[in-house]
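I opened this model to look up a few local features. My notes follow in the order I took them.

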Amino acid sequence: MYKLGGILGIVYVFIILIWIAISAVYQGVLYPNEALTVNEGLIYYSDHQWYFGMDHGSKAIAFLLVSILPLILFCMFNRSYHGKKLFLNLLGMIFGFSYFMINAVSLIVQAVTATFAINQYSMYLGDREFARLLFEWAINDGGFSISLYIIANLCMVIWLFAHGYLFYLEMNNKYFFAFSSILAAALLIGAVINFIGIILFQVSVNTLSEMVNILFIFWISYVSYLLFNLHKEATVVKW
């Protein structure tokens, strides 16, 4: 079970890093797409239809696969049967699983909606206003995906703190708990800033949250490494 968690964590990290590299080369060098209007964006993605669907689709699969990781951590810490430790473990499992599932659903909805709008814009010979408005709402303005993104990040805050604290209590890993707490605090600040920006200025501010999500790759990598080590120890004990 621990080995499965480690493998899924590595798969998640690999997919995310691959798409960061592909996006940097594809959108930054080969086919730049900065500062596009809605119509220009529709034309751009009409010429590169595979890109958006593959990007969001593969990331959604990665989130779905790694959603089992909080459940595996729950089982790992399940020797804490009562009191604060059990409460923290339940919090970590519930909100960690919710974080991955919300992101997966959001990515799937964005991919389906954007693909539909792009196809309508490409194939429809009459008024393209509906496709333009749909694309603008779903992609440029964020639609309900921004709300889901904020909710998912709040789930991640609770998960990072809960299971990060258990790593400290059960394994005396205070540095990892400190790293988890810093990520959780930065993510919470980013969610508040994003919420205020949307409510007061109708602008989504995701810079801090996106930086934290990059650092989260290191968090997942370290947890995967720990799970692999636990699998080896369990194998040695078994033999």
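**Entry 1: surface patch**

Which residues form a nonpolar patch on the surface? I found L154, L188, V192, F195, I196 and I199 in it, with about 510 Å² of accessible area together. I am working on a predicted model, where local features need pLDDT of at least 70, side-chain atom pairs count only at pLDDT 80 or more, and totals for chains, interfaces and linings use all residues. Residues are numbered from 1 along each chain as its sequence is written, and side-chain values use heavy atoms, with hydrogens and water left out.

I noted the patch rule: residues have over 30% relative accessible area and no salt bridge, like charges are joined within 9 Å, and nonpolar side chains (Val, Leu, Ile, Met, Phe, Trp, Tyr) within 5 Å. Areas come from the Shrake-Rupley method with a 1.4 Å probe, and for residues only the protein chains shown count as cover.

Which helix gives the most to the patch? I read off helix 8 (residues 174-201), with five residues. Helices (H or I, at least four residues) and strands (E, at least two) are DSSP runs, numbered from the N terminus.

F195 is found in helix 8 and is partly exposed, at 48% relative accessible area. V192 is also in helix 8, and its 43% makes V192 partly exposed. The classes are buried under 20% relative accessible area, exposed over 50%, and partly exposed in between (1.4 Å probe, protein chains only).

**Entry 2: whole chain**

I counted nine helices and zero strands. The order from the N terminus is α-α-α-α-α-α-α-α-α. Of the 239 residues, 44% are buried. The protein exposes about 12700 Å², and carbon and sulfur atoms supply 72% of that area.

I then looked at contact range, where contact means heavy atoms within 4.5 Å. Among contacts between residues at least 6 apart in sequence, 77% join residues at least 24 apart.

**Entry 3: core**

Which residues touch the most other members of the largest nonpolar core? I got Y12, F100, F216, W219 and I220, out of 59 residues in that core. A nonpolar core is a set of buried Ala, Val, Leu, Ile, Met, Phe, Trp, Tyr and Cys residues joined through side-chain atoms within 4.5 Å.

I listed the contacts of F216. Not counting residues up to four places away in sequence, F216 touches Y12, Y99, F100, M156, W159, L160 and L183.

**Entry 4: salt bridges**

How many salt bridges does the structure hold? I found two. The criterion is a side-chain nitrogen of Lys or Arg within 4 Å of a carboxyl oxygen of Asp or Glu.

One joins the side chains of D55 and K59 at 3.1 Å, N to O. D55 and K59 are four residues apart in helix 3 (residues 49-66), so about one helical turn separates them. D55 is buried, at 7% relative accessibility.

K85 and E170 make a salt bridge at 3.3 Å, N to O. K85 lies in helix 5 (residues 83-123) and E170 in helix 7 (residues 145-171), so this pair ties together parts 85 residues apart in sequence. K85 is partly exposed, at 31% relative accessibility.

I looked up S23 in helix 1 (residues 2-30). S23 counts as buried because its relative accessibility is 19%. A polar atom of its side chain lies 2.8 Å from the backbone oxygen of W19. Beyond residues up to four places away in sequence, S23 touches G28 and Y51.

Next came T113, in helix 5. Buried or exposed? T113 is buried, at 16% relative accessibility. Its side chain reaches the backbone oxygen of V109 at 2.7 Å. Leaving aside neighbours within four places in sequence, T113 is in contact with L134 and A138.

**Entry 5: a backbone angle**

Where does N172 lie? I placed N172 in the loop between helix 7 and helix 8. N172 is not a glycine, yet has a positive phi of about 55 degrees. N172 is exposed, with a relative accessible area of 60%.

Conventions:
Polar contact = N/O pair within 3.5 Å; in protein donor to acceptor, adjacent residues only side chain to side chain.
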